[in-house]
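Morning, everyone. I have one structure to walk through today, so let me put it on the screen.

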Amino acid sequence: MPVRRPTKEEIAAALNTTIPDVIAPGLKVLFCGINPGLYTAAVGYHFGRPGNRFWKALHAGGFTPRVLDPSEQSELLRYGYGITNIVDRATTGAAELTPAELAEGGRKLDEKVRRFAPRWLAVLGVGAYRTAFNRPKAKLGPQAETVGGRPIWILPNPSGLNANYQAADFARLFRELRDAAEADAS
């Protein structure tokens with residue numbers, strides 16, 4: 001069932017609220033957003049804003065057999081994937097997060113990854129990753145470092161505001177991670 005559009009009042013009321021993780025032990029990939037936007041928090045589903053390209057990129061990259069609606073986020077667990085965020089609280093935009101808040105989120109994410117032990121952690125947003133983990137030279141793709149003892153893959157932020165990447169770019173970059181995760185499983 002498609003996500004219902006929230007009212008302006010519901011969007012405004014979502015400030016600083018949180019969305020539960022979609023997570024389980026031993027996932028193939030744990031996808032990690034920066035933090036929920038207000039629209040996403042208002043609907044209660046990760047990457048819930050209609051212009052966000054996460055769900056289309058997942059499908060185009062071969063993670064899901066069809067484009068899932070955000071309301072179907074729990075279906076990801078059946079395929080071995082999950083979703084979390086660096087910072088839990090919803091804001092109008094990620095630019096509202098302080099470097100200290102991102103660093104604290106990075107510490108919490110490290111603990112969460114140790115506890116749930118996914119094969120891969122995929123961080124969606126290179127800038128947030130650089131700040132959260134004090135790795136200013138990080139680039140897209142696999143990293144030499146680990147988080148929570150697990151390998152990291154950085155993908156671009158799928159927000160519709162990120163005009164640097166088009167649908168074909170997301171498909172290619174997500175597929176590269178999927179191929180690496182599948183090769184790792186063999």
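Burial comes first. Of the 186 residues in the chain, 46% count as buried. Keep in mind that this is a predicted model.

Now the surface. The accessible area of the chain is about 9100 Å². Carbon and sulfur atoms account for 53% of that area.

Next, the fold. How many helices and strands does the chain have? The secondary structure comes to 7 helices and 5 strands. Reading from the N terminus, the order is α-β-α-α-α-β-α-β-α-β-β-α.

What about contacts along the sequence? Take the contacts between residues at least 6 apart. Of these, 71% join residues at least 24 apart.

How much space lies in the largest pocket? About 560 Å³. The lining has 24 residues, and the closest to the pocket centre are N35, P36, G37, N52 and S159. Which element gives the most to that lining? Helix α2, residues 38-43, with 3 residues.

Now some single residues. Start with L177. You will find L177 in helix α7, which spans residues 167-185. Is L177 buried or exposed? Its relative accessible area is 0%, so L177 is buried. Which residues does L177 touch, leaving aside neighbours within four places in sequence? The contacts are V29, F31, F63, W120, A122, W153 and L155. One distance to go with that. L177 and R119 are 58 residues apart along the chain, and their C-alpha atoms are separated by 11 Å.

Next, P6. P6 sits in the segment before α1, and α1 covers 8-13. Its relative accessible area is 11%, which is under the 20% cut-off, so P6 counts as buried. Leaving aside neighbours within four places in sequence, P6 is in contact with I11, Y39, A42 and V43. Two of those contacts, Y39 and A42, have numbers within the 38-43 range of helix α2. How far is P6 from L140? The two are 134 residues apart in sequence, and 33 Å apart in space, C-alpha to C-alpha.

N16 has a positive phi of about 70 degrees, although N16 is not a glycine. N16 lies in the loop between α1 and β1, where β1 is 29-33. At 42% relative accessibility, N16 counts as partly exposed.

The other is F47. F47 is not a glycine either, yet has a positive phi of about 50 degrees. Where is F47 placed? In the loop between α2 and α3, with α3 at 54-60. F47 has 11% relative accessibility, so F47 counts as buried.

To recap the pair: N16 is partly exposed, whereas F47 is buried. That is my tour. Over to you for questions.

Conventions:
Residues are numbered from 1 along each chain as its sequence is written. This is a predicted model: local features need pLDDT of at least 70, side-chain atom pairs count only at pLDDT 80 or more; totals for chains, interfaces and linings use all residues. Side-chain values use heavy atoms; hydrogens and water are left out. On a 1 Å grid over the protein atoms alone, a cavity is a set of points where a 1.4 Å probe fits but cannot get out, and a pocket is an open set with protein on both sides within 12 Å along at least five of seven lines; lining residues have an atom within 4 Å of a point. Grid points are joined across faces, edges and corners, and a volume is the space filled by probe spheres set on the points. Helices (H or I, at least four residues) and strands (E, at least two) are DSSP runs, numbered from the N terminus. Buried means under 20% relative accessible area, exposed over 50%, partly exposed in between (1.4 Å probe, protein chains only). Contact means heavy atoms within 4.5 Å. Accessible areas come from the Shrake-Rupley method with a 1.4 Å probe; for residues, only the protein chains shown count as cover.
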